[in-house]
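Some notes on the model follow, as numbered points.

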Amino acid sequence: MQFNSLAKSLALAATLLAAFAAPVAAQVKEHTFKVGIGLSDDHPQAQAVRHFAERLQAKSGGKMNAKLFASGALGNDVSMTSALRGGTLEMTIPDSSTLMSLIKPFGVLNLPLTFNTEAEADALLDGPFGQKLLAMLPDKGLIGLGFWENGFRHVTNSRRPINTADDLAGLKLRVIQSPLFLDTFNALGTNATPMPFTELYTAMEQKAVDGQENPPATILASKFYEVQKHLVLSRHMYSAWVLLMSKKTWDGLSADEKKIVQEAAREATVFERKTIRAFSETALGELKKAGMQITELPAAEQAKLRTKLQPVLAKYGKEFGEETTSEMMGELAKARGGK
C-alpha cells in the first residue's frame, strides 16, 4: 500500500511539473535568426555570434538558433541595419557610429579622445547612459540587446611611419561613412575617404587609399598587414558595436522567447568582451611578426592631436546634444572615481 501511495504521489508530482512546463514549452517556437556581419568568420565578433547561437539553443531546448553570415555576405553595416528596419534580416552588429544618422545621441560614443580605458567604456555602456541610448532604438525599428567591444582605434598606412601628429597630414585614409569620422580625420590633415568596410582591403591593395583606422583585432583578422606596412598606436577613438535585432522579428516573439534572447545576448556580451580583449593583447605581437612597423605617439604628440580636434569636439558635442554630451562626461567622471 505504501508503495502504491508513493507511486501515486510521484505520478501526481510529474503531472504537475509537466503542467507547469507545458505552457513554457508551448511559448517557445522554432526560430533561426540570420546574423549578418561585415567582419571575417574568425574575428572575435563572429566567435561571439556563435556563442550567442549556442546559448540560444541551450536555453530553448534546441528550438532557437542564430546563423552567422560573415565577411559582408549580406551587405555592409548601413545596408544590413536598413534590412533590419525593413524586417528582411533578423540581426546585425554595426559600429555604433552607423546609428548616429538615425539617432544623433549615439554619436557621442565616437567623440575622439573621450575614453581612457575599456573599464570606463563598460561602466558607461552597461549603466543608465548606455541603456538610455538603447531605449531610443525601437522607434527606428530596431531592438538593442547590448554593446559589444570593438576597441581603441589606431591608424595604419602603406606610405610611412607616423611618429608625430603632423605625420598624418596628406595621407588618404578610409574612414567609416560618417560626418564625424570625416571631420575628425580632415582636421588631422588627412584626405578622409568614406568607404564600406567590405571594399577596404581591395582599395588598400590597389593603392586607391593609403590606409585606414581600426582596432588591432580587426587589423589582424582582416589581414591588413598584407597591404599595410605601418601602424601607429594613436588610440584616437574608442569604438563599440551594438547587438541589434529587427523590431519586426522581436515583436513576433513570445515573452518567453524574448527572455531567452535577452539572456543569451547578455552572456554573449560578456564572452565577446573577454574574447576580443584577449585577442587584442596578442594581436600587436602577431602584427609585428607579420612585418608591420609599429610606432606609438608620445604624450606630447597625443596632446597635439587633442588640440587639432578641439573644433570637432565642440561642433559634434553640440550636434549630438549638449545635454547628452554633458551627461556622458558626468558618467565617465563617476567611472573614474571623480578624478
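1. A crossing is called right-handed if the near helix is turned clockwise from the far one by less than a right angle, and left-handed if anticlockwise. The model is predicted, and in it the crossing of H6 and H11 is right-handed.

2. H6 (residues 179–187) packs against H11 (residues 299–319) at an angle of about 160°, the axes being 8 Å apart. Angles over 145 degrees count as roughly antiparallel, so H6 is roughly antiparallel to H11. H6 contributes Pro179, Leu180, Asp183, Thr184 and Ala187 to the contact, and H11 contributes Lys308, Leu309, Val312, Lys315 and Tyr316. By class, the residues of this contact are 6 nonpolar, 1 polar and 3 charged.

3. The largest nonpolar core comprises 51 residues, and Phe106, Leu109, Leu137, Phe147, Val242 and Met328 have the most contacts inside it. Strand S8 (residues 230–246) gives the most to this core, with 6 residues. A second, separate core has 32 residues, among them Val28, Phe33, Ile37 and Ala264.

4. Beyond its neighbours within four places in sequence, Phe147 is in contact with residues including Phe106, Leu109, Leu125, Leu133, Leu134 and Val242. Gly130, Thr269 and Arg273 are also among its contacts.

5. Most residues other than glycine have a negative phi. Leu113, in the loop between strand S3 (91–92) and helix H4 (118–126), has a positive phi, near 55°. Leu113 is buried, with a relative accessible area of 10%.

6. Lys207 also has a positive phi, near 60°. Lys207 lies in the loop between helix H7 (200–205) and strand S7 (211–214), and is exposed, with a relative accessible area of 54%.

Definitions and conventions: Residues numbered from 1 in each chain as written. Predicted model: local features only at pLDDT ≥ 70, side-chain atom pairs only at ≥ 80, totals over all residues. Heavy atoms only, no water. Axes fitted to C-alpha atoms, helices over the stretch in contact; angles between N-to-C directions. Helix = DSSP H or I, 4+ residues; strand = E, 2+ residues; numbered from the N terminus. Parallel < 35°, antiparallel > 145°, perpendicular 65-115°, else oblique. Contact = heavy atoms within 4.5 Å. Nonpolar A, V, L, I, M, F, W, Y, C, P; charged D, E, K, R; others polar. Core = buried A, V, L, I, M, F, W, Y, C linked by side-chain atoms within 4.5 Å. Buried < 20%, exposed > 50% of the residue type's maximum accessible area, 1.4 Å probe, protein only.
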